Amino acid sequence: MENVLENLKFKPEAYGLKEVNVLHNLDATELQQITLDLGMGAETSNGTLVVNTGKFTGRSPQDRFIVKDDYTKDKVWWGKINKPVSPENFDKLYDNIIDYLSGSTIYVKDAYVCADPRYKVNVRTITEFPWSNMFVHNMFIPVDGEEADAFEPDWTVICAPGYVADMPAEYGIRQGNFSILNFTRKIALVGGSAYTGEMKKGIFSALNLILPVEKNVLPMHCSANVGENGDTAIFFGLSGTGKTTLSADPARKLIGDDEHGWTADNVIFNFEGGCYAKVIDLTEEKEPDIYRAIRPGAILENIVFKPGTLDVDFEDSSITLNTRVSYPIDHIDNIVRPSLADNPKNIFFLTCDAFGVLPPLSKLTPGQAAYHFISGYTAKVAGTETGVNEPVPSFSACFGEPFMPLHPTVYAEMLSQKMTEAGVNVWLVNTGWSGGPYGVGSRIKLSYTRRMITAILEGELEGVRFEQHPIFGLFMPTEVPGVPTEMLDPMNTWTNKGAYISKCISLAHYFHLNFEKFASQASHQIIEGGPLIDEHHHLEESI
């Protein structure tokens, strides 16, 4: 172990830190052992580290802020998602955290993000806890050798879960915990929360402004894989839509599972060096790659052991439904090294439509692709959240609204331009219900969804005729090899056709209502990509 007070690579005083014991660039084994020695974690029967993130078992989006200064004031889409904090208040909180960490042991990790070397961003992470540092070791891309010796950070992440701000209103924040981005000082500051995803999503949010504004690169909250012929596929989708499951294809190599960039010369690159996957109800049969990645070097968060054992009970959600594992991407065998590929050919927007009205597969025009990208629709079903007893429409702009500092139309216009220039096909895939809404119809079989995606990737739909949906205007294939023809048009699966049309109109209305906040900055082409009915259509039935 290396005390950096004795070398020149890391200078605590440059950050204002005083009398600190600095442990610099420890490997995962060392960080795991320190975590265990400090009583901050346990091990499973196979030696995987288990930690509990305490009060926060997920991100706290209401406590996410961006410093409003000369760099950000005219770039950021300020509002409910991107809340401002003053440079002065940031400086006070920074100084408070530095005072809090001084006199203690801190853990420093040097790594980078963006697998395409043209866009590499060096990130130095300073953490209070050893397992927070191990998470960064897993999730960012490691440096070693000469690269480590010459490391100079572009951004710094400082994470102090034990610091909770007194009198938060004096700092312009909501409560004692916070996650703040300062684009001028290039610091991501996390206080009061041990949830590791705050660090990862902080840097992702920073890249979501830097890359499009400064590098003409489209950042995407998506998974991606590449086939033997070099064709890249991109999968967007909110939680529960099948993004991880459907991108894990034994016939294709994984580029990454969560965050990517799309360059002007059509390279798709992973931002990260690891994966951060949900493990609730995990089985080896359903998710073999994730299941087998849970081994020494991985970190399990907020799981529960089976009574009297050190075996994980993946069905136990008593701490949280958001149980997680982080692991280096090389814990998966079938990956691309390094994590990038070119030649994007197909984009899949995944939605779990619990109302049973969207087609299981439809092809989108550029305008429709931009509209549905901005909308980011899925539906919450009963049981997913407290108080949700019926399906509820859910929209998250660009399939990642909490992490998007710019107006969603900026990302959508970039996507439209790139898909047109690259000749990419965009598909909307409904992994939800058919034959009626949740509770009446049935979930579309995973085997059918996989078959539809495979048919697209293997070019089996070339020459197939498409019909336009009467309400949403989507183009539905009339046949897909291996999939029952009658289910391709969802109206065919409903016994009561009138009820189907009524439910379609109701959902279309919610699309229009959601889009109102974007319409003033959306092009005519994007607006025309929405449902065909007038947004003021009289509703016979509300959802």
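**Notebook: contacts, a sheet, salt bridges and cysteines**

I began at Pro490, which touches Gly356, Val357, Leu358, Pro359, His469, Met476 and Tyr500, where touching means heavy atoms within 4.5 Å and residues up to four places away in sequence are not counted. Before going on, I noted that this is a predicted model, where local features need pLDDT of at least 70 and side-chain atom pairs count only at pLDDT 80 or more, while totals for chains, interfaces and linings use all residues. Residues are numbered from 1 along each chain as its sequence is written, and side-chain values use heavy atoms, with hydrogens and water left out.

**Pro490, continued**

I placed Pro490 in the loop between β29 (475–477) and α11 (497–519). Helices (H or I, at least four residues) and strands (E, at least two) are DSSP runs, numbered from the N terminus. Is Pro490 buried or exposed? Pro490 is buried, at a relative accessible area of 2%; buried means under 20%, exposed over 50%, and partly exposed in between (1.4 Å probe, protein chains only). I also looked up Glu228, which is 262 residues from Pro490 in sequence and 33 Å from it in space, C-alpha to C-alpha.

**The sheet**

Next I followed an open sheet of five strands, ordered β2-β3-β18-β19-β17, with mixed pairing. Two strands pair if DSSP finds at least two bridges between them. At the edges I found β2 (42–43) and β17 (274–278), each pairing on one side only. Strands β18 (residues 299–301) and β19 (residues 324–328) run antiparallel and are joined by three bridges. I checked Leu300, and its bridge partner in β19 is Val325. Helix α1 (residues 28–37) lies across β2 and β3 (49–51), at about 50° to β3. For that angle, axes are lines fitted to C-alpha atoms, for helices over the stretch in contact, and angles run from 0 to 180 degrees between N-to-C directions.

**Salt bridges**

How many salt bridges does the structure hold? I have 17 on record, each being a side-chain nitrogen of Lys or Arg within 4 Å of a carboxyl oxygen of Asp or Glu.

I looked at Asp63 and Arg174, whose side chains meet at 2.9 Å, N to O. Asp63 sits in the loop between β3 and β4 (64–67) and Arg174 in the loop between β9 (155–160) and β10 (178–182), so this pair ties together parts 111 residues apart in sequence. Asp63 is buried at 1% relative accessibility, while Arg174 is partly exposed at 44%.

Then I turned to Glu259 and Lys201, with their closest N and O atoms 3.0 Å apart. Glu259 is in strand β15 (residues 259–262) and Lys201 in helix α5 (residues 197–215), 58 residues apart. Glu259 is buried, at 2%, and Lys201 is buried too, at 10%. Both belong to a salt-bridge network that links Lys200, Lys201, Lys243, Asp258, Glu259 and Glu272.

**Cysteines**

Last, I searched for disulfides, meaning pairs of cysteine sulfur atoms within 2.5 Å, and the structure holds zero. Cys114 is buried, at 0% relative accessibility. Cys352 is in no disulfide either, and its nearest cysteine sulfur, in Cys504, is 16 Å away. I noted Cys352 as buried, with a relative accessible area of 6%.
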